[in-house]
Amino acid sequence: MPNDLTNKIEKHTIAVLVDNEPGVLARVIGLFSGRGYNIESLTVSEVDKENNLSRITVVTSGTRMIVEQIKAQLERLVPVHRVRDLTDEGPCIERELALVKVVGTGERRNEAMRIAGIFNARVVDATLSSFIFELTGTAHELGDFIGLMSELGLVEISRTGVVAISRGAAGF
Amino acid sequence: MAEQLLSGAEIILKALKDQGVEVIFGYPGGAVLPIYDALFKQNDLRHILVRHEQAAVHAAEGYARSTGKVGCVLVTSGPGATNAVTGLTDALLDSIPLVCISGQVPTHLIGNDAFQEADTTGITRSCTKHNYLVKDVANLARTLHEAFLVARSGRPGPVLIDIPKDVQFNEGPYVAPHEVRHKTYRPQVKPDLARVEEAIDLIAGAKRPIFYVGGGVVNSGPLASKLLTAFVRMTGYPCTNTLMGLGTFPASDPQFLGMLGMHGTYEANLAMHGCDVMIAVGARFDDRVTGKIADFAPGSKKIHIDIDPSSINKNVRVDVPVIGDAAHVLEDMIRLWKARQKRPDQAALRDWWSQINIWRKRDCLRYQKTDKIIKPQYALERLREAIRGVDHYITTEVGQHQMWAAQFLPFDQPNRWLTSGGLGTMGYGLPAAIGVQIAHPEALVVDVAGEASIMMNIQEMSTAVQYGAPVKVFILNNQYMGMVRQWQELLHGSRYSESQLTSMPDFIKLAEAFGAVGLRATKVSELDDVIGEMIATRRPVIVDIAVDPTENCFPMIPGGRAHNEMLLGPADRTEDSTPEDGMVLV
């Protein structure tokens with residue numbers, strides 16, 4: 001039990017393995033909204049078809065006491081199998097994917113293309129006046145890329161939210 | 001052999017019987033007619049027809065809390081389910097095991113805004129421990145058994161199962177309870193022994209210890225109260241109860257300090273404030289108990305025994321969390337306490353008790369005695385004397401009368417005191433009393449009420465009369481929403497905004513209109529006779545006691561204040577007693 005009594009706000013990435021049943025996502029989201037916890041990002045998808053399991057990755061922030069409370073409350077939900085605090089458990093890999101639509105011609109279009117090259121963004125759709133870039137990276141890298149594109153004709157962004165997995169050989 | 005198929009409605013009733021249900025509290029409607037038809041064709045399950053679905057849930061709470069069994073509720077779709085929401089929330093906050101079955105429109109109409117359709121699982125998701133929508137009769141029996149498991153185990157709570165009408169008609173297989181094993185749900189019952197060792201070391205080393213015991217010990221079962229009492233006596237330490245925990249430690253025991261918290265005793269609150277080791281058992285450090293968190297029991301080490309890991313460190317940071325069922329933990333504690341030959345520090349304990357006895361001498365529940373008007377405390381003292389030695393259960397509504405009942409009525413056993421602690425639901429007491437009386441037909445069941453609260457579910461007198469449930473409604477009638485008036489007097493310059501009840505029914509005529517008995521006492525000299533007649537009457541009774549309208553409930557810790565900043569009576573200054581940030585607290 002951590003005994004950090006400070007009110008420092010920490011950011012945590014939490015992975016939750018749940019039964020893939022109707023309403024389970026609403027339960028998790030309702031828990032956060034009902035108890036006033038923050039959600040910075042939340043992703044969910046089935047990960048085990050045979051056992052009907054989904055994995056929810058939620059990025060949240062709060063004091064140490066709040067984060068511990070969030071995990072305890074998540075574990076209390078009946079369809080929840082397991083809760084892991086990836087931030088606490090050591091280094092983890094976090095990734096997010098963004099689709100970014102940029103409209104422009106001439107030098108702005110060339111510049112967008114150059115920057116996309118630097119960030120290793122892929123072009124997944126192109127017209128004479130637009131690109132759609134696909135970029136995978138940390139939330140921070142995506143933010144940097146989008147920041148640059150906003151000067152170069154950015155018109156639309158779609159982001160997946162963070163998915164994360166712990167480093168090393170150990171499984172969930 | 002071909003598997004025998006049953007209709008959904010038959011599966012429901014078979015599952016309830018296999019789960020040991022004997023009584024269901026409910027109200028029929030279109031979406032549950034197949035279940036009511038199946039009920040008609042059998043004699044094992046008794047159905048109690050209430051007058052409002054909220055009351056069905058409270059009655060089931062009363063039944064559950066007084067028996068230790070799971071309470072069972074049956075309501076229809078739409079308004080039937082939405083009316084049940086207050087009761088479900090009440091059961092969630094007080095950890096009462098319930099299974100509520102609600103009808104739903106047929107599966108093909110779900111989402112069409114059909115007649116009496118409501119998104120019941122959506123609405124009740126945050127006011128149940130868990131809920132289900134069963135769309136396939138093949139899953140029905142399993143889901144029902146799971147619901148009972150979830151409701152009664154771990155930290156108990158209400159579980160709702162929403163069952164569309166077509167599922168009640170469709171035929172499917174039945175599975176017995178023992179064939180169902182839950183995939184994920186495994187509450188921790190047995191404690192980590194290393195934590196128990198840590199706890200008993202701390203307990204043995206204490207100089208100024210206190211046991212702070214809540215409703216979790218009631219939920220654990222009567223054995224937990226026995227073990228708790230044995231352990232507290234073994235140590236010789238003082239013990240206080242929360243509102244929900246009253247009865248877990250005998251009120252008649254000299255080690256009992258009374259209830260703690262906002263309207264708790266002076267000695268209990270000061271002992272909490274001054275303790276060096278706090279042993280919290282099945283209690284959750286709620287705001288009515290802690291007062292100002294920053295000044296709560298400063299400098300104390302805290303042991304927290306709870307079955308719900310999310311209760312640990314939720315409001316107050318504790319030093320030794322022990323997760324497990326109260327009876328299991330206490331059993332291990334007693335065993336290890338003996339095995340390690342632990343002895344309390346007798347010299348320190350003597351000093352601690354002499355300090356506590358000084359606090360006790362303040363006689364904090366003292367009130368102005370008079371023969372000119374019935375003081376509500378006096379009415380309860382007379383009730384206390386009259387029911388001594390009678391097998392009795394007490395329920396309450398919510399407000400001043402509830403706090404006075406907690407202060408003035410002693411409980412030596414668990415499951416005898418039923419009150420809406422967490423949600424504070426006015427209208428809880430009468431239907432809860434009916435639920436208790438159905439479970440204990442021979443016992444004396446008294447709903448200590450206020451005249452405002454009782455109006456919230458007064459229609460249930462009709463239920464009591466129908467089933468010959470001889471509940472007694474003991475109204476302390478002060479012509480105000482007393483607790484609202486008290487707060488307005490203390491915090492809002494005596495501006496009694498909408499808290500006076502200028503038109504109330506004649507409760508004697510009202511009782512008679514329902515087919516019950518009405519009694520009234522307006523003078524001190526009438527009180528004992530009225531109470532005696534109430535107890536002697538084997539029919540439902542409403543007793544209207546005209547009490548002092550201006551009486552306030554003390555002691556009181558004003559919002560935002562600490563345990564050592566109590567108001568002991570009307571003479572204490574109140575104007576500057578509540579800090580501004582305390583005003584916003586409820």
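Modeller: Domain bounds come from an automatic or database domain assignment. By that assignment, chain B is divided into domain 1 (5-179), domain 2 (193-360) and domain 3 (376-546). This is a predicted model, in which local features need pLDDT of at least 70, side-chain atom pairs count only at pLDDT 80 or more, and totals for chains, interfaces and linings use all residues. Residues are numbered from 1 along each chain as its sequence is written.

Biologist: Why are strand 9 and strand 12 of chain B called paired?

Modeller: Two strands pair if DSSP finds at least two bridges between them, strands being DSSP runs (E, at least two residues) numbered from the N terminus. Strand 9 (residues 209-213) and strand 12 (residues 277-281) of chain B share five bridges in the parallel sense, and therefore they pair. In strand 12, B:I279 is the bridge partner of B:F211.

Biologist: What makes strand 11 and strand 14 of chain B edge strands?

Modeller: The open sheet has the order 11-10-9-12-13-14 in chain B. Strand 11 (256-259) and strand 14 (320-323) of chain B each have a single partner strand, so one side of each is left without a neighbour in the sheet.

Biologist: How do you know what area is buried between domain 2 and domain 3 of chain B?

Modeller: Buried area is the accessible area (1.4 Å probe) that two parts lose on being put together, summed over both. For domain 2 and domain 3 of chain B this is about 1,300 Å², with 66% given by carbon and sulfur atoms. On the side of domain 2 of chain B, B:L243, B:L246 and B:H263 lose the most area, together 42% of what that side buries.

Terms used:
Chains are lettered from A and ligands numbered from 1 in the order in which they are written. Side-chain values use heavy atoms; hydrogens and water are left out. Helices (H or I, at least four residues) and strands (E, at least two) are DSSP runs, numbered from the N terminus.
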